[in-house]
Amino acid sequence: MAFDKRVLMENEHIVARAKKSNMFLMPPFFWIIVAIVLFVGWDSWFDDDQSRPYVVGAFAVVWAFGFINRLLHNICTELVLTDKRVIKQYGVLRRSVEDVRLLKCGGAVFDQTWLGRLFNYGTVSVLGNGFNLGVSFIEDPLEFSNAVRNQLEVSQSLFERDQQSRENI
């Protein structure tokens, strides 16, 4: 789904958009590999040939639900950085929007597993007082978290300059 620009305020511009990685499909593919291995090796491992379709069918159902769940989550979750806020949109039938003004943000952190470092994906979280906006399976999480940090610096310096000009008046 495309980012709903109706949530943007007047004179607000998108600075960076977190790109989702295709590695979100790894867990469902793990289950389909397990189902294939069970289907192929069933005769040599088990004597009961009648329960093979039920076991393989159960793995196929788990795979289908996992695949559809992850696919919808990946398509319908977005993390966007603007010049004023960090916005997270998610949901399929019911759209939810979480946003935080940059002045309330404390920073951005990212987390990468060894597999994430290998395939360049991870989780990005924007932190502050009492909130955590996080999205997993972000492509190049270091780039997005650096964009958040840079925009935090810009926003903070604009705020301080505005405060100084008010004090001088």
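Student: Why does Glu143 count as partly exposed?
Tutor: Glu143 has a relative accessibility of 45%, and partly exposed is the class between buried (under 20% relative accessible area) and exposed (over 50%), found with a 1.4 Å probe on protein chains only; Glu143 therefore counts as partly exposed. The model is a predicted one, in which local features need pLDDT of at least 70 and side-chain atom pairs count only at pLDDT 80 or more, while totals for chains, interfaces and linings use all residues. Residues are numbered from 1 along each chain as its sequence is written, and side-chain values use heavy atoms, with hydrogens and water left out.

Student: What makes the contact between Lys19 and Glu143 a salt bridge?
Tutor: The term asks for a side-chain nitrogen of Lys or Arg within 4 Å of a carboxyl oxygen of Asp or Glu, and the N to O distance for Lys19 and Glu143 is 3.9 Å, so the pair meets the cut-off. Helices (H or I, at least four residues) and strands (E, at least two) are DSSP runs, numbered from the N terminus. Lys19, at 44% relative accessibility, counts as partly exposed.

Student: How many salt bridges does the structure hold, and which residues are linked in a network?
Tutor: The structure holds four salt bridges, and Glu12, Arg85 and Asp99 are linked in a network of them. Glu12 pairs with Arg85, their closest N and O atoms lying 2.9 Å apart. Glu12 lies in the segment before strand 1 (14–17) and Arg85 in strand 4 (residues 85–90), so this pair ties together parts that are 73 residues apart in sequence. Asp99 and Arg85 also meet in a salt bridge, with 2.4 Å from N to O. Here Asp99 lies in strand 5 (residues 96–101) and Arg85 in strand 4, so parts 14 residues apart in sequence are tied together.

Student: How do you know whether Arg85 and Asp99 are buried or partly exposed?
Tutor: Arg85 has a relative accessible area of 7% and is therefore buried, whereas Asp99, with 37%, is partly exposed. Glu12 is buried, as is Arg85.

Student: What makes strand 4 and strand 5 a pair?
Tutor: Pairing requires that DSSP finds at least two bridges between two strands; six bridges join strand 4 to strand 5, which run antiparallel, so the two strands count as paired. Among the partners, Lys88 is bridged to Glu98 in strand 5. The two strands form a hairpin with five residues between them, and Gly91 in the turn has a positive phi of about 120°.

Student: Why is one side of strand 2 and of strand 6 left without a neighbour in the sheet?
Tutor: The open sheet of four strands has the order 2-8-7-6, with antiparallel pairing. Strand 2 and strand 6 (105–111) stand at its edges, each with a single partner strand, so one side of each has no neighbour in the sheet. Strand 6 is joined to strand 7 (residues 121–128) by six bridges, and these two strands run antiparallel. Asp111 stands opposite Thr123 in strand 7.

Student: How do you know that the span of helix 2 is close to the expected one?
Tutor: The expected span is 1.5 Å times one less than the number of residues. Helix 2 (residues 52–76) has 25 residues and reaches 36 Å from its first C-alpha to its last, close to the 36 Å expected. Buried residues in helix 2 include Arg52, Val56 and Phe59.
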